[in-house]
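I opened my notebook to look up a few side-chain contacts. My entries follow the picture.

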Amino acid sequence: MDLNRRVFIKGAVATSVLSALPVKWVFADQLPAAVTPLDISALTWTKAEDLPSYFKVLNTHPLNAFPPEYKLAPAVTPADASFIRWNGIVPDFKALDAKTWTFKVDGESVATPKTYTIDELKRRFKHYTLQLLIECGGNSRSGFFPSTKGNQWNNAGVFCSEWTGVLVSDVLKGCGIKADAVYTGHHGVDRHLSGKGEAISRGVPIKAALEELGLIAWSMNGEDIPYLHGYPLRIVFGGRPGSVSQKAATGISVRNKVHDGHKMEAPAYQLPKYPIAPGESVDNKDYRIIEEMIVKSLITEPQSGTELAAGQKIAIAGHAWAGLREVVKVEVSYDYGTRWFTTELEKPKNVAAWQQWKIELQLPSQGYYEIWAKATDSKGDSQPVVQPQWNPKGYMFNGCHRIAVRVV
């Protein structure tokens with residue numbers, strides 16, 4: 001349970017100056033209604049000590065950190081409000097040179113292996129700018145009971161930024177894909193904590209690589225990708241576990257089998273094949289790979305702990321997403337789910353982008369209230385109001401986000 005549901009902090013909710021980002025848009029509807037300006041210092045963060053004080057650092061070896069939930073309010077997440085997740089040794093960023101960087105496409109199921117510089121990728125393939133959501137498979141892990149091992153993320157292990165690059169599908173098709181292709185393997189410079197081998201090398205089914213809006217991106221929010229977010233190239237697959245969006249990417253292997261890179265093996269980024277009791281152990285053979293993320297929502301306004309005067313209406317807002325599906329409804333409750341109120345919900349900018357929602361409510365009297373948010377996706381799946389199915393690794397928590405407010 002989030003401590004700030006019980007502890008109140010007086011004061012106004014922090015606000016951000018809003019402006020438009022200087023970026024070239026390629027998809028319909030283009031600019032979001034409002035975004036916060038990019039903190040240019042975020043482009044050069046290279047270690048935990050560089051992060052602003054509002055980040056909570058879970059560990060430094062590897063580096064994992066997240067912002068407070070209210071920092072995620074903008075429709076397009078700025079770099080200085082995006083969670084940071086490394087699996088191994090953070091690379092020496094002085095050695096990452098975009099001018100000499102290469103990206104290799106190889107593997108058993110590639111007809112013609114090729115190596116591209118970033119400049120060649122830019123020249124040879126069409127550019128796309130997309131809003132793609134990246135969510136850690138363990139986002140909200142701290143909500144599980146009994147607790148599980150792993151980084152104890154709050155609900156801010158997610159962000160949705162503007163990525164500019166070329167489609168993974170265009171690059172792979174340019175090399176020729178054999179009929180026996182099954183999966184991709186993604187590679188980067190992130191080294192294992194032991195110093196030997198890759199820290200992580202995951203991938204996606206070949207159908208996803210060839211049909212979805214996966215990018216090999218060089219830009220985040222109209223700027224070079226910040227070092228801690230994957231400079232100079234990042235593979236980005238929205239709607240799938242963030243672990244497949246390889247930072248500091250050096251290539252893709254097209255495999256004739258399910259990729260066997262590090263952290264593809266059970267139980268990493270896998271769920272039990274059948275429901276289990278909380279705390280129960282599972283044999284490795286009884287796990288399945290997490291391929292897509294699931295329906296979820298986040299309250300970004302107001303901050304938990306807000307106080308308001310009696311008679312004052314409360315404006316509630318946030319985001320909702322559903323992996324590769326669309327969210328069709330977001331509801332909120334202030335009376336523990338006795339009644340639900342339907343919010344205004346925006347359409348996504350593109351597949352695998354989050355959606356903004358808002359509502360204004362009148363709380364009935366003075367006292368303590370919990371605001372709950374619940375999203376429903378295009379296939380009818382909704383968030384559970386309590387803990388979802390427990391699993392040993394603490395993945396895919398999507399219980400209703402809750403904040404506390406008080407009317408005085």
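**Entry 1: aromatic rings**

I began with two tyrosines: Tyr 334 is buried, and Tyr 369 is buried as well. I kept in mind that this is a predicted model.

I then looked up how many aromatic pairs there are, and the count is 17. Tyr 334 and Tyr 369 make up one of these pairs, and the arrangement is edge-to-face. Their ring centres lie 6.0 Å apart, with 85° between the planes. An angle over 60 degrees counts as edge-to-face. Tyr 334 is in the loop between β18 (327–333) and β19 (341–342). Tyr 369 belongs to strand β22 (residues 367–377). The two are 35 residues apart, so I noted a link between distant parts of the chain.

My next pair was Phe 159 with Trp 163. I found 6.3 Å between the ring centres and 45° between the planes, so this pair is tilted. Phe 159 and Trp 163 are both buried. Which residues do ring pairs link into a cluster with them? I listed Phe 66, Phe 83 and Trp 153 alongside Phe 159 and Trp 163.

**Entry 2: charges over rings**

I looked for charged ends over rings and wrote down two cases. Lys 71 has its charged end over the ring of Tyr 54, 4.2 Å from the ring centre. Lys 374 has its charged end over the ring of Trp 340, 4.3 Å from the centre.

**Entry 3: salt bridges**

How many salt bridges does the structure hold? I got 16.

One of them joins the side chains of Glu 135 and Lys 296, at 3.2 Å from N to O. Glu 135 lies in strand β6 (residues 128–135), and Lys 296 lies in strand β15 (residues 296–301). That pair links distant parts of the chain, 161 residues apart. Are the two residues buried or exposed? Both Glu 135 and Lys 296 are buried.

Next I looked up Arg 240 and Glu 212. Their closest N and O atoms are 2.6 Å apart in a salt bridge. Arg 240 sits in the loop between β11 (234–236) and β12 (249–255). Glu 212 sits in the loop between α3 (206–211) and β9 (215–220). Arg 240 has 5% relative accessibility, so it counts as buried. Glu 212 has 18%, so it also counts as buried; the cut-off is under 20%.

Then came Asp 260 and Arg 255, whose side chains meet in a salt bridge at 3.0 Å, N to O. Asp 260 is partly exposed because its relative accessibility is 48%. Arg 255 is buried, at 10%. I followed the shared partners and found one network of Glu 108, Arg 255, Lys 257 and Asp 260.

**Entry 4: cysteines**

I searched for disulfides and the count came to 0. Cys 160 is in no disulfide. Its nearest cysteine sulfur belongs to Cys 136, 16 Å away. The sulfurs of a disulfide must lie within 2.5 Å, so that distance rules the pair out. Cys 160 is buried at 0% relative accessibility. I checked Cys 400 too, and it is buried at 7%.

**Entry 5: the UniProt record**

Last, I looked at the annotation. An unreviewed UniProt entry lists residues 289–407 as "domain: Moybdenum cofactor oxidoreductase dimerisation". In the model, this span is 0% helix and 45% strand. Its end C-alpha atoms lie 45 Å apart.

Definitions and conventions. Residues are numbered from 1 along each chain as its sequence is written. This is a predicted model: local features need pLDDT of at least 70, side-chain atom pairs count only at pLDDT 80 or more; totals for chains, interfaces and linings use all residues. Side-chain values use heavy atoms; hydrogens and water are left out. UniProt positions are given in the numbering used here, feature names are shortened, and annotations may be inferred rather than shown by experiment. Helices (H or I, at least four residues) and strands (E, at least two) are DSSP runs, numbered from the N terminus. Rings of Phe, Tyr and Trp (its six-membered ring) pair if their centres lie within 6.5 Å; planes under 30 degrees apart count as stacked, over 60 as edge-to-face and the rest as tilted. Buried means under 20% relative accessible area, exposed over 50%, partly exposed in between (1.4 Å probe, protein chains only). A charge sits over a ring if NZ of Lys or CZ of Arg is within 6 Å of the ring centre and within 35 degrees of the ring normal. A salt bridge is a side-chain nitrogen of Lys or Arg within 4 Å of a carboxyl oxygen of Asp or Glu.
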